[in-house]
Amino acid sequence: MSDYQAKRNKLKRHRRNRSHQRLRNRVNGTTERPRLAVFKSLRHIYAQVIDDTAGRTLASASTLDADVRGLFEGASGNKAAATAVGTTIAERAKAQGVETVVFDRGGFIYHGKIQAVADAAREKGLKF
């Protein structure tokens, strides 16, 4: 990797972290309406339903889970995998009694994989 690419990657990471901090100042999960936090890397997609007042995770799903891996074919960092994570997190949240959530896109642009997770969770019955 060249020096230019390393600086560019660092800048992109810094920009996402600043955006996420601004977002977290506004978005806070409560017991009645927990936060659905989404993170994506180049290889995997992660989602958690978090109660910030109690400081605990109510439900989680990622492309690393064995039961999620059976829902899609191919790479684990594409839209099909994101849809599988979205449906799984919605089912697990509803099993915990969560109906409505606040969506935390984690500083990522609401497009592509992040949008696929949100749409799949809405389709399974989560309200946000």
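A: Strand β1, residues 35–40, pairs with β4 in the parallel sense over three bridges. Strands here are DSSP runs of E of at least two residues, helices are runs of H or I of at least four, and both are numbered from the N terminus. Two strands count as paired if DSSP finds at least two bridges between them. Within this pairing, Ala-37 stands opposite Asp-104 of β4.

This is a predicted model: local features need pLDDT of at least 70, side-chain atom pairs count only at pLDDT 80 or more, and totals for chains, interfaces and linings use all residues. Residues are numbered from 1 along each chain as its sequence is written, and side-chain values use heavy atoms, with hydrogens and water left out.

Now the whole sheet. It is open, has four strands in the order β3-β2-β1-β4, and its pairing is mixed. Neighbouring strands are turned by 20° against each other on average, direction ignored. Axes are lines fitted to C-alpha atoms, for helices over the stretch in contact, and angles run from 0 to 180 degrees between N-to-C directions.

A helix covers part of this sheet. Helix α3 (residues 79–95) lies across β1, β2 (45–51) and β3, and runs at about 145° to β3. Contact means heavy atoms within 4.5 Å.

Next, the loop between β2 and β3, where Asp-52 sits. Asp-52 is partly exposed, at a relative accessible area of 22%. Buried means under 20%, exposed over 50%, and partly exposed in between, with a 1.4 Å probe and protein chains only. Its contacts, leaving aside neighbours within four places in sequence, are Arg-24, Asn-28, Gly-29 and Arg-35. Gly-29 is 23 residues away along the chain, yet the two C-alpha atoms are separated by 5.0 Å. The side chain of Asp-52 reaches the backbone nitrogen of Gly-29 at 2.9 Å.

Finally, the chain around the sheet. It holds four helices and four strands. From the N terminus on, the elements run α-β-β-β-α-α-β-α. The radius of gyration, taken over C-alpha atoms, is 15 Å, close to the 14 Å of the globule rule for 128 residues, so the chain is as compact as a globular protein of that length. That rule is 2.2 Å times the number of residues to the power 0.38. Of the 128 residues, 39% count as buried.

How values were computed. Polar contact = N/O pair within 3.5 Å; in protein donor to acceptor, adjacent residues only side chain to side chain.
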